[in-house]
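Please walk me through this model in the viewer, one selection at a time. Tell me what to select and what is found there.

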Amino acid sequence: MDSTNVTTDSGIETGSKTKSGRKTYLTGIVCLMWVFVIFGAIAYKMGVAPMMKTMMATAHDLLLNTCFFLMAVCVLTGALGRILVEFGVVAMLQKILQPIMKPIFNLPGVASLGGVMTFLSDNPAIITISKDKQFARYFKKYQFISLTNFGTAFGMGLLVIIYMISLGYTVEPLIGFFGAIIGCVVSTRCMQHFILRSHPDYRDMEAIDEVYDEIKKTEEEGKNKEESLFTRILNAVLDGGKGGVEVGLAIIPGVLVISTLVMMLTFGAGPNGYDGSAYQGVELLPKLVGKINVVFEWLFGFHDPHLIGFPITALGAVGAALGLLPKFMAEGWVDGNAICVFTAIGMCWSGYLSTHTAMLDSLGYRNLTSKAIFAHTIGGLVAAVVAHLLAMVIL
């Protein structure tokens, strides 16, 4: 009897391994098919050598001009954020802004610091200051996780608005900014709803360990009494900057991979054809959008399918999306309504597809990435629609 059981168990285990092996082979074959279909189609259009050169050139340019820029932003905002925490600004914001932040965003007042930091810099700034225990202790766990959506909605806001003003628009960026605020409310609230639906216990759980926080706070207060003002500033700057470097490194893979693919599917050939230069592509997305442009014309007021390239590129990096505007304006595709929508969706999305994964991973909640992306997609679309409707009324 025992021998039969052993044989049966062994047989079941062998059969299970066989099924698992077949499943692995099947998924591998499907993966290869998708790779050959996607990159084969691009290579057929561009040529194998130009495609590879364009991929490398685009990724290299993004690394130098986007990723390292974001890392510098993270270092500076990390240092500034740490100083604000060290000298009590965070606690002050919590008391002053709590009556506003709680009913609108369902967040503690101190979260406004994250919004200001991302508005002045970029999305990862919210994670840089979230790493600080003195900042995180004001949040419940579900609120703390939703900071990725809240902060992202204001990412590079100052840069976007100033750039739009430099193009000769004044009222339109402000309309778009209001749309981004509405999109932020929708995105943050949706994310909190999704978290509580899958993890209801997070409603009452603190974002950090209270005991550890109190010990750390006591230790820091003891050090602060002994350290000079200069030493406290120096330590805060160095510690915050070090955290910014770590966040900057974490976002590089997402920016390079996703933005490169999106841009190759959005842009067309250069003036000299496919010569392997950066930011060339097969222009697939504008062609697909052109077939259903009536939808985007109704939602966003876009009168040319090429305009969809801005929000699509903003998924990877809003800085790269802003680089499209001179060409759009030269072609005569841009009007006041487009600037309103671009400002709203550019701020609200601001590269969330390439940074959300890294941001949630750095917080330790990678499993909630899909919920965060879905909630922020909804928020960005709402921001664009609100900006379009306001543009129709005001402009």
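A residue counts as buried when its relative accessible area is under 20%, and as partly exposed between that value and 50%. The model is predicted.

Start by selecting Met156. Its relative accessible area is 6%, so Met156 is buried. Now look at the backbone: Met156 is not a glycine, yet its phi is positive, at about 55 degrees. On either side of the loop that holds Met156 are α8 (147–152) and α9 (157–166).

From α4, select Thr118, Phe119 and Leu120; from α9, select Gly157, Leu158 and Ile161. These residues make the contact between the two helices. By class, four of the contact residues are nonpolar and two are polar, while none is charged.

Last, move to Glu283, in the loop between α12 (229–266) and α13 (284–291). Glu283 also has a positive phi without being a glycine, with a value near 55 degrees. Is Glu283 buried or partly exposed? Its relative accessible area is 24%, so Glu283 is partly exposed.

How values were computed. Residues are numbered from 1 along each chain as its sequence is written. This is a predicted model: local features need pLDDT of at least 70, side-chain atom pairs count only at pLDDT 80 or more; totals for chains, interfaces and linings use all residues. Side-chain values use heavy atoms; hydrogens and water are left out. Helices (H or I, at least four residues) and strands (E, at least two) are DSSP runs, numbered from the N terminus. Buried means under 20% relative accessible area, exposed over 50%, partly exposed in between (1.4 Å probe, protein chains only). Contact means heavy atoms within 4.5 Å. Ala, Val, Leu, Ile, Met, Phe, Trp, Tyr, Cys and Pro count as nonpolar, Asp, Glu, Lys and Arg as charged, and the others, Gly among them, as polar.
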